[in-house]
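Good morning, and thank you for making the time.

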Amino acid sequence: MPSHRPDQAVRLALELAELGWHILPLSPTSKRPLANCPDCRDTTTHAIERCVCIPAGRLCHGVRAATIDPNRITRWWNEHPDAIPGIAAGPSHLVLIDLDTHADQPPADPAAELLPGIDLAAKNIPAEQLADIRSGRDVLLLLAKLRGGPRPWPTGPEHQAVVVTTPSGGRHLWYRAPPGIDLRQAIGELGWQIDIKAGWSYGIAPSALTRRGPYTVLAGDPARPGRMPAWLEHEVRRAASRRALPKGLPKPLPTQVRPSGQAGPSAYLTTVIERGAAELTRLHDGRQRALSALAYKAGGLLAWSGLPRSDVETRLIDIGTASGLPDRLARRVVTRAIANGVARPLPEPGRKA
Ligand SMILES: [Zn+2]
Ligand SMILES: [Zn+2]
């Protein structure tokens, strides 16, 4: 393990960048991307396509700013020496399988909820086997067994992930992204306590040191992350492929107001979210409920808005944590409520029956 030298973070960032891992600085307290400048923070008027900060090498927009440029990285860490190196998954051509171990209660109906989309009741898995499941690793092993695959941590060097233990006892498996497919972040969609970080999402760098402990590399080589075994790649595609918009819905619009002054669907939803955010920061009680209601509404408008789900999720989680909710709780509230909202789309605003 590297020692706690003050330059450990930037040295790690530079080493990984040299291997093509795209780096972004994360807050040492929240482990989320550092804050945007005030212009970039105003998502009601700011269009990322026209952002001047990213080309100028500023760190606004987190993963979008991620880079392998050593000068940029050195400058960021000169300004934020405590920052934790984060890895932007998509730009680095990586997929992170994030296996959690929380003290959370296991799902009420394990046969239906451990592996969403797979009915375990129909697979004759003994109930006591399901009752023993405590972590994302257990769920991934179950999935591997169901799919007839080898263990999720196969020995063949071509499938050797960069395996990392996290301070909370979880595991990170960094794999080379399958070519020619557009993956997105999928929180809990593959399995209970399994998150897929891909596309415009990020994870903490292998070997990073945080206030809660080190992210220790157990196996694998960051210079040569292996490919996922075929069964796992298939499951990851199923859970995290970017879905095309349903037919008949309006095309995505840039996040801005049309010349007529009338807001387009994406701007409409953005406004709903930002108004909700402003209200949330004024609340003392009931923030969790308010965040859930806001995420539910956003989910209901999501398909119509054309905004990418991962962007909306990320923004809502940021809003939740900014209001003072713990990161983990904000994430759980938002992903659940969005999923519920998506399942019950709202009528197009202004055209209510
Ligand atoms: Zn900016
Ligand atoms: Zn910007």
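Let me begin with Ser-207, which counts as buried because its relative accessibility is 18%; buried means under 20% relative accessible area, exposed means over 50%, and partly exposed lies in between, using a 1.4 Å probe and protein chains only. Before I continue, some conventions: this is a predicted model, in which local features need pLDDT of at least 70 and side-chain atom pairs count only at pLDDT 80 or more, while totals for chains, interfaces and linings use all residues. Residues are numbered from 1 along each chain as its sequence is written, chains are lettered from A and ligands numbered from 1 in the order in which they are written, and side-chain values use heavy atoms, with hydrogens and water left out.

Ser-207 sits in the loop between strand 8 (202-204) and strand 9 (209-210). The phi of Ser-207 is near 75°, a positive value in a residue other than glycine. As background, most residues other than glycine have a negative phi.

A second case is His-61, where phi is near 70°, again positive in a residue other than glycine. His-61 belongs to the loop between helix 2 (38-41) and helix 3 (70-79), and it counts as buried because its relative accessibility is 15%.

Which residues does Val-217 touch? Leaving aside residues up to four places away in sequence, they are Val-162, Val-163, Val-164, Pro-206 and Ser-207, where contact means heavy atoms within 4.5 Å. Val-217 lies in strand 11 (residues 216-219) and is partly exposed, since its relative accessible area is 28%. From Val-217 to Pro-206 the separation is 11 residues in sequence and 6.1 Å in space, C-alpha to C-alpha.

Val-163 also has a place in the strand pairing: its bridge partner in strand 5 is Leu-173. Strand 4 (residues 162-165) and strand 5 are antiparallel and share four bridges; two strands are said to pair if DSSP finds at least two bridges between them. Five residues lie between the strands of this hairpin, and within the hairpin Gly-169 takes a positive phi near 95°.

Strand 5 (residues 171-176) is in turn joined to strand 3 by six bridges, in an antiparallel arrangement. Four bridges join strand 3 to strand 7 (residues 194-197), also antiparallel. Leu-99 illustrates both pairings: it stands opposite Arg-171 in strand 5, and its bridge partner in strand 7 is Ile-194.

How many residues of strand 3 (residues 94-99) are buried? Six of its six are. In a regular strand the side chains alternate between the two faces of the sheet. In strand 3 both faces are covered, with Leu-94, Leu-96 and Asp-98 buried on one side and Val-95, Ile-97 and Leu-99 buried on the other. Strand 5 is mostly covered as well, with five of its six residues buried.

Strand 7 leads us to helix 11, as the buried residues of that helix pack against strand 6 (186-191), strand 7, helix 9 (287-305) and helix 10 (309-322). Among those buried residues are Leu-329, Val-333, Val-334, Ala-337 and Ile-338. The 17 residues of helix 11 (residues 327-343) should span 24 Å at 1.5 Å a residue, and the end C-alpha atoms are 24 Å apart, which agrees; the expected span is 1.5 Å times one less than the number of residues.

There is also an open sheet of three strands, with order 1-2-8 and antiparallel pairing. Its edge strands are strand 1 (23-26) and strand 8, each pairing on one side only. The twist averages 40° from one strand to the next, with axes fitted as lines to C-alpha atoms, for helices over the stretch in contact, and angles running from 0 to 180 degrees between N-to-C directions. Strand 1 and strand 2 (residues 84-88) are joined by four bridges, and Pro-25 has Pro-85 as its bridge partner in strand 2. Helix 1 (residues 8-18) packs on the sheet, touching strand 1 and strand 2, with its direction at about 20° to that of strand 2. Helix 3 lies across strand 1 and strand 2, running at about 5° to strand 1.

Finally, the cysteines. Cys-60 is buried, since its relative accessible area is 4%, whereas Cys-37 counts as partly exposed at 22%. A search of the whole structure finds zero disulfides, a disulfide being a pair of cysteine sulfur atoms within 2.5 Å.

Methods. Helix = DSSP H or I, 4+ residues; strand = E, 2+ residues; numbered from the N terminus.
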